[in-house]
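Welcome! Take a moment to turn the model around on your screen, and then we can walk through a few of its features together.

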Amino acid sequence: MRSEPPAWPPVSAQAASLLEEAADLLVLHRDFAAAVERCEAGCDSLGSGSGLGPESSAEVKCSLCVVGIQALAEMNRWREVLSWVLQYYHVPERLPPKVLELCILLYSKVREPQVMLEVGTSWLGDQTNKSLPEYSSLLELYLLHVLLPLGRFEGAEELVRGCGVFDSEQQLALLGTICESRCQWTQQEEMYSAAEEQQDAAAESGLGALSQKLLTMLTLLRRALKSMSSHFYLLPYKKMLLATFLLYLVVVRLDPASPTSLPFIYKLVQLFRQAWTAVFSPIHRPPIHE
């Protein structure tokens with residue numbers, strides 16, 4: 001008789017059914033929110049079950065998380081991915097290699113590799129994970145997509161030399177990649193510094209041009225004031241003194257409403273008219289006597 005395939009435990013079967021539904025919703029119907037709900041329900045059912053086969057449950061749980069990550073990314077909810085996954089695995093060290101790989105690639109694609117910095121360090125530092133066949137590929141992935149984009153060159157070199165999973169040829173290749181990345185990083189910093197210096201120089205030249213315009217305006221204003229002062233120097237000082245004295249009498253000593261003050265006020269007006277004409281009319285040269 002032909003042997004029957006082993007039957008899944010009831011809870012694992014329920015999770016597998018939810019996984020199939022979630023995959024259909026993701027790929028065929030593109031209903032990403034519903035796919036996430038199915039994945040959450042499947043992970044919850046696995047977490048609440050007891051007496052399950054560890055391999056089958058871990059595989060289904062990992063697949064549910066993979067589908068959930070893809071659905072969250074499709075809804076542009078990538079910021080929630082890491083926390084969403086950790087609610088089912090609790091600590092970074094227990095993340096399955098496939099889930100860690102997806103998280104590294106996702107946060108690298110959205111240019112947020114710093115999110116995976118501590119997670120990757122914790123996972124790679126775990127002794128149990130070092131025995132996994134995916135360890136070396138994940139270490140290289142973490143090196144290329146997290147450490148180097150963040151400029152952690154010394155940490156990358158220490159990780160390559162101290163991990164003990166690469167042979168000498170692989171180490172040399174990775175160290176060469178780190179050195180090349182360091183050179184590119186330095187060149188970009190130099191270009192950025194040069195661009196900043198050019199912007200500062202342009203700003204200074206703009207301020208210099210503005211200062212030059214201001215200086216020109218001040219020079220013209222000084223010349224105008226000097227020209228006006230030369231007119232004032234030609235005023236009849238006796239008449240100006242008399243006008244000032246009369247103004248003092250009118251304002252302080254006299255009552256402008258009184259009829260006796262009118263001749264003084266009239267005389268004051270005449271003197272000021274003469275002063276105005278002397279200031280704003282062309283300067284007359286004194287007659288030349290033969």
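Let's begin in the loop between α1 (10–29) and α2 (32–48), where Arg30 lies. Keep in mind as you look that this is a predicted model. Arg30 is not a glycine, yet its phi is positive, at about 55°. To see why that deserves a glance, remember that most residues other than glycine have a negative phi.

## The chain as a whole

Now zoom out. How many helices and strands does the protein chain have? The secondary structure comes to 12 helices and 0 strands. If you follow the protein chain along its sequence, the pattern reads α-α-α-α-α-α-α-α-α-α-α-α.

The protein chain has 290 residues, and 30% of them count as buried. Contacts also tell us about the fold. Take the contacts in the protein chain between residues at least 6 apart in sequence: 63% of these join residues at least 24 apart.

Which residues of α5 are buried? They are Pro97, Val99, Leu100, Leu102, Cys103, Ile104, Leu106 and Tyr107. While you look for them, here is a handy rule: an α-helix has 3.6 residues a turn, so residues three or four places apart point the same way.

In the loop between α4 (81–89) and α5 you will find Val91. Val91 is partly exposed, because its relative accessible area is 36%, a value between the 20% and 50% cut-offs. Val91 and Val119 are 28 residues apart in sequence, while their C-alpha atoms are 8.7 Å apart in space.

Just after α5 comes Arg111, with a positive phi of about 60°. Arg111 is not a glycine, and its place is in the loop between α5 and α6. Is Arg111 buried or exposed? Arg111 is exposed, since its relative accessible area is 72% and the cut-off for exposed is over 50%.

## Where α6 meets α8

Next, find helix α6 (residues 117–125) and helix α8 (residues 135–147). Their axes come within 11 Å and cross at roughly 155°. That angle makes α6 roughly antiparallel to α8, because angles over 145 degrees count that way. The crossing of these two helices, α6 and α8, is left-handed.

On the α6 side, the contact is made by Leu117, Gly120, Thr121, Trp123 and Leu124. On the α8 side, Tyr135, Leu138, Leu139, Tyr142, Val146 and Leu147 take part. Sorted by class, the contact of α6 with α8 has 9 nonpolar residues, 2 polar residues and no charged ones.

## Where α8 meets α9

Helix α8 also packs with helix α9 (residues 153–162), at an angle of about 175° and with the axes 11 Å apart. What does that angle make of the pair α8 and α9? They are therefore roughly antiparallel to each other.

In this contact, Leu139, Tyr142, Leu143 and Leu147 of α8 meet Gly155, Ala156, Leu159 and Val160 of α9. The residues here divide into 7 nonpolar, 1 polar and no charged.

Notes:
Residues are numbered from 1 along each chain as its sequence is written. This is a predicted model: local features need pLDDT of at least 70, side-chain atom pairs count only at pLDDT 80 or more; totals for chains, interfaces and linings use all residues. Side-chain values use heavy atoms; hydrogens and water are left out. Axes are lines fitted to C-alpha atoms, for helices over the stretch in contact, and angles run from 0 to 180 degrees between N-to-C directions. Helices (H or I, at least four residues) and strands (E, at least two) are DSSP runs, numbered from the N terminus. Angles under 35 degrees count as roughly parallel, over 145 as roughly antiparallel, 65 to 115 as roughly perpendicular and the rest as oblique. A crossing is left-handed if the near helix is turned anticlockwise from the far one by less than a right angle, and right-handed if clockwise. Contact means heavy atoms within 4.5 Å. Ala, Val, Leu, Ile, Met, Phe, Trp, Tyr, Cys and Pro count as nonpolar, Asp, Glu, Lys and Arg as charged, and the others, Gly among them, as polar. Buried means under 20% relative accessible area, exposed over 50%, partly exposed in between (1.4 Å probe, protein chains only).
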